[in-house]
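Please look over the sequence and the structure before reading on.

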Amino acid sequence: MVGKNCFAIASDRRLGVQLQTVATDFQRVFKIHDKLYIGLSGLATDVQTLYQRLVFRHKLYQLREERDMKPQTFASLVSALLYEKRFGPYFCQPVIAGLGEDNEPFICTMDCIGAKELAKDFVVSGTASESLYGACESMYKPNMEPEELFETVSQALQASVDRDCLSGWGGYVLVVTPTEIQERG
Amino acid sequence: MECVLGVVGRDFAVVAADTSAVQSILVHKSDEDKVMVLDSHKLMGASGEPGDRVQFTEYIQKNLHLYQFRNNIPLSTAATANFTRGELATALRKNPYSVNILLAGYDADVGASLYYIDYIATFHKIEKGAFGYGAYFCLSLMDKLYRPDMSVEEAVDLVDKCIKEIRLRLVVAPQKFIIKIVDKDGAREYARRAYTDSPSEAATVTA
């Protein structure tokens, strides 16, 4: 979700195999660099494989270009990586959030074959995505300050995952401003 | 009906597995060791397709030894777990292995750790876990009774309670189990659990 010169990215903490919960401390939001984060929902093995591939590509980019990737560029990279596997896809829906040039917040989501969906307010993915759309739509206000954004995102996450048996078991919220990063479990 | 379960205690980890080798309705043998000792301080409990299970765990074991020979230093538990996950992930979209793994190890700097790696290469570090139909009974028992920093006796008691529950409640339940432990002194067999005096057995004996 986008706020005033900041963004928040949040996820639940459940790792499950259909109805069985295996762990309640699974990490789904990953850092690419200080101002770029990716959240991956879907099949856990593909979440982990995709994250490893993306970090690899970004590190190579950093070595060659001697700078961090812009969020828009990274989103295109993710989209390309996913479409490469068009007929044998990674079963993942990424949510990308970052601060671009002039610390302008950037968010986007994709389906599992890389169809980018840019938004100015919020993006969601996962098994509780319909609930999340509803919760975010009703709670979102433009230009929220980081503290208010944090509250809004937490409430939206909690409300939606509570209605989905496959999501939940904890939450993780990360709020990123140009100067600091706040994470709460 | 194969069950593998694992628990981390204070500076040790316990992995238990049933010892039945079953094909359809036939029990080939009931003393099959499914918890492989990978090296001096690592255990790998595996369940799944029998051929894949033996082949894959031996493959990991040999690669572990190769690393040690080449580099004169053993691979850490975390590195082993990530290597195992990588092998499963690479094979996943070509020629997948059907093996679920609980990898337990002891490292001097980190202590004891347990890793859950399922057949599609889902990787997670856990304190307690189980695979198979037995997991439906064990996981909630562990949630209730597990505490961090348990002693060996307490951890094995928890494992015994899980085994008892599996024997009692799982249809066609495996009866015999093997329990292995890994701590600073190494990975070794701790105990085997054979038949117990369940009510149904007592009835058979007296009749």
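This is a predicted model: local features need pLDDT of at least 70, side-chain atom pairs count only at pLDDT 80 or more; totals for chains, interfaces and linings use all residues.

How do the residues of the lining of the second largest pocket divide into nonpolar, polar and charged? Eight of them are nonpolar, four are polar and five are charged.

**The interface of chain B and chain A**

- On the side of chain B, 14 residues are in contact with 20 residues of chain A.
- The two chains bury about 1,300 Å² between them, and 49% of this area lies on carbon and sulfur atoms.
- Within chain B, the residues that lose the most area to chain A are B:Arg85, B:Arg93 and B:His124, which together account for 43% of what that side buries.
- The size of an interface is often expressed in this way, as the accessible area lost when the parts come together.

**Polar and charged pairs across the interface**

- One salt bridge is found across the interface of chain B and chain A.
- This salt bridge joins the side chains of A:Asp46 and B:Arg93, at 2.6 Å from N to O.
- Ten residue pairs are in polar contact between chain B and chain A, counting pairs with both residues at pLDDT 80 or more.
- On the side of chain B that touches chain A, two or more residues are given by each of α2 (77–92), β9 (123–126) and α3 (134–145) of chain B.
- That side of chain B consists of ten nonpolar, two polar and two charged residues.

**The second largest pocket**

- The volume of the second largest pocket is about 450 Å³.
- Its lining is made up of 17 residues, and those closest to the centre of the pocket are A:Thr21, A:Val22, A:Ala23, B:Lys128 and B:Asp143.
- At least two lining residues each come from β3 of chain A and from β9 and α3 of chain B.
- The largest share of this lining, five residues, is supplied by α3(B).

**The largest cavity**

- The count of cavities of 30 Å³ or more comes to one.
- The largest cavity holds about 30 Å³ of space.
- Chain A lines this cavity with A:Gln20 and A:Val22, while chain B lines it with B:Tyr116, B:Lys128, B:Gly129, B:Ala130 and B:Leu139.
- β3 (20–23) of chain A and β10 (128–131) of chain B each supply at least two residues of the lining, and β10(B) gives the largest share, three residues.
- By class, four residues of the cavity lining are nonpolar, two are polar and one is charged.

Note on methods. Residues are numbered from 1 along each chain as its sequence is written. Chains are lettered from A and ligands numbered from 1 in the order in which they are written. Side-chain values use heavy atoms; hydrogens and water are left out. Contact means heavy atoms within 4.5 Å. Buried area is the accessible area (1.4 Å probe) that two parts lose on being put together, summed over both. A salt bridge is a side-chain nitrogen of Lys or Arg within 4 Å of a carboxyl oxygen of Asp or Glu. A polar contact is a pair of N or O atoms within 3.5 Å; within protein, one must be able to donate a hydrogen and the other to accept it, and residues adjacent in sequence count only if both atoms are side-chain atoms. Helices (H or I, at least four residues) and strands (E, at least two) are DSSP runs, numbered from the N terminus. Ala, Val, Leu, Ile, Met, Phe, Trp, Tyr, Cys and Pro count as nonpolar, Asp, Glu, Lys and Arg as charged, and the others, Gly among them, as polar. On a 1 Å grid over the protein atoms alone, a cavity is a set of points where a 1.4 Å probe fits but cannot get out, and a pocket is an open set with protein on both sides within 12 Å along at least five of seven lines; lining residues have an atom within 4 Å of a point. Grid points are joined across faces, edges and corners, and a volume is the space filled by probe spheres set on the points.
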